[in-house]
Amino acid sequence: FYRRNLPHFESFNATYFVTFRAKGVPYLPPAMRSVALKHCLFENGKRIELHACVIMATHVHLLFTALENERGEPFSLAEIMKGIKGTSARNINKRLGRRGQLWQDESFDRIMRAGEFQNKLEYIIANPINAGLTSRPGEYRWVWIQQAQARVPVPHKARAAAVHNSK
């Protein structure tokens, strides 16, 4: 049973881990991953403080804190995701010469609880390593980490996957 418009829990000053998936294309070509990354970074400092993101061939992971609007209220997840997904879809579709839906309607989002931030940050960094796309952090072009978070150790699972994939 699939329910559209699942509830999205929001909280003042919360940090979110968000995942959204491609729907209208089998995968995002490398140049289109760059476009998606550009749109994620465009929102940094405007509606969100972006801590990290990774653009994979079929999905995107974001770790961010919502900033406040001119009324002192945090931007809603709907506003943030519309800004990222809507504009990136228009630009990617234009470049691919296609129309229609690029991203699934729903995004998976989770408010980070105490102690979860570091795990999600490491997950984002390790995602391309665990997928076998690279063997070391920093090699995959479509990972972005906020400078203050840049020196994150590679999780054990990613190290093991990197060793296994290099054989």
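The accessible surface of the protein chain is about 9,700 Å², and carbon and sulfur atoms hold 52% of that. Those areas are Shrake-Rupley values with a 1.4 Å probe, and for residues only the protein chains shown count as cover.

Before going on, the conventions. This is a predicted model, in which local features need pLDDT of at least 70 and side-chain atom pairs count only at pLDDT 80 or more, while totals for chains, interfaces and linings use all residues. Residues are numbered from 1 along each chain as its sequence is written, and side-chain values use heavy atoms, with hydrogens and water left out.

Next, the overall layout. The protein chain has four helices and five strands, where helices (H or I, at least four residues) and strands (E, at least two) are DSSP runs numbered from the N terminus. Along the sequence the order is β-α-β-β-α-β-α-β-α. Of the 167 residues in the protein chain, 44% are buried; buried means under 20% relative accessible area, exposed over 50%, and partly exposed in between, with a 1.4 Å probe and protein chains only. Taking contacts in the protein chain with a separation of 6 or more, 71% are between residues 24 or more positions apart. A contact here is heavy atoms within 4.5 Å.

Now strand 3, residues 59-66. How many of its eight residues are buried? Eight of the eight, so the strand is largely enclosed by the rest of the structure. His59, His61, Leu63 and Thr65 point one way from strand 3, and Val60, Leu62, Phe64 and Ala66 point the other way.

Which strands pair with strand 3? Pairing requires at least two bridges found by DSSP between the two strands. Strand 1, residues 15-21, is antiparallel to strand 3, with seven bridges, and in that pair valine 18 sits opposite leucine 62. Strand 2, residues 48-55, also runs antiparallel to strand 3, joined by seven bridges. There, glutamate 49 is opposite threonine 65. Strands 2 and 3 make a hairpin, with three residues between them.

Asparagine 127 belongs to helix 3, residues 116-130. Is asparagine 127 buried or exposed? Its relative accessible area is 9%, so asparagine 127 is buried. Setting aside neighbours within four places in sequence, asparagine 127 is in contact with Val54, Met56, His59 and His61. Of these, His59 and His61 are among the residues that point one way from strand 3. The C-alpha atoms of asparagine 127 and isoleucine 55 are 9.6 Å apart, and 72 residues separate the two along the chain.
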